[in-house]
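User: I would like to go through the labels attached to this model and see which cut-offs stand behind them.

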Amino acid sequence: MFDREKECFTLAELIVVILVIATLVSLAIPNYLKGTERTKNKEAKAMLRLMAAAEEVYRLENGFFVGCSDTSQCNTLLDLRLSEKNWAYQATAPTSDSFSATATRQGSDSRVWTITSSDEDNPACSGGKYCE
């Protein structure tokens, strides 16, 4: 016949397994979120370097840098395909010889990456929890 005591898990055993799994998940989620934010930072820095290169090309063709107030205008003026999913991009050109481009994190984080014509290789980050 069927012997219930030898073939079933007890409630206590199931609770212990659930607690172990919950503990492992609680340790993994912050690392996962931090990793995704690092990836988004790399995206912003790469797109800002791309904007800097596009600004240089624009300046060579037209004799001055150009500013753009939002991502779609930057895409149009600089002939780029910047995504608006994670970052909002804009550029200012206070003089014909200089520009500054920014990537502002969409959502609740206040992170802003900035690149300037005087330092095109090193975007700088300000604000936000994940400035790394």
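User: What makes strand 2 largely enclosed by the rest of the structure?

Analyst: Strand 2 spans residues 98-105, and six of its eight residues are buried, so the rest of the structure largely encloses it. Buried means under 20% relative accessible area, exposed over 50%, and partly exposed in between, with a 1.4 Å probe and protein chains only. Strands (E, at least two residues) and helices (H or I, at least four) are DSSP runs numbered from the N terminus. The model is predicted: local features need pLDDT of at least 70 and side-chain atom pairs pLDDT 80 or more, while totals for chains, interfaces and linings use all residues. Residues are numbered from 1 along each chain as its sequence is written, and side-chain values use heavy atoms, leaving out hydrogens and water.

User: Why are strand 1 and strand 2 called paired?

Analyst: Two strands pair if DSSP finds at least two bridges between them. One of the partners is T104 in strand 2, bridged to A88. A hairpin of two residues links strand 1 to strand 2.

User: Which sense does the pairing of strand 2 with strand 3 have?

Analyst: Antiparallel, over five bridges, with strand 3 at residues 112-116. A101 stands opposite I115 in strand 3. Six residues lie between the two strands of this hairpin, and G107 in the turn has a positive phi of about 100°.

User: Why is G67 called partly exposed?

Analyst: Its relative accessibility is 32%, so G67 counts as partly exposed. G67 sits in the loop between helix 2 and helix 3. Its contacts (heavy atoms within 4.5 Å) include A91 and T92, not counting residues up to four places away in sequence.

User: How do you know that E55 has no salt bridge?

Analyst: A salt bridge needs a side-chain nitrogen of Lys or Arg within 4 Å of a carboxyl oxygen of Asp or Glu. For E55, which is buried, the nearest side chain of opposite charge is R59, 8.5 Å away. Lys and Arg count as positive, Asp and Glu as negative; His and the chain ends are not counted. E55 belongs to helix 2 (residues 11-62), and its side chain reaches the backbone nitrogen of V66 at 3.1 Å.

User: Which residues have the most contacts inside the largest nonpolar core?

Analyst: L48, M51, Y89, A101 and A103, in a core of 21 residues. Helix 2 gives the largest share of this core, six residues.

Note on methods
A polar contact is a pair of N or O atoms within 3.5 Å; within protein, one must be able to donate a hydrogen and the other to accept it, and residues adjacent in sequence count only if both atoms are side-chain atoms. A nonpolar core is a set of buried Ala, Val, Leu, Ile, Met, Phe, Trp, Tyr and Cys residues joined through side-chain atoms within 4.5 Å.
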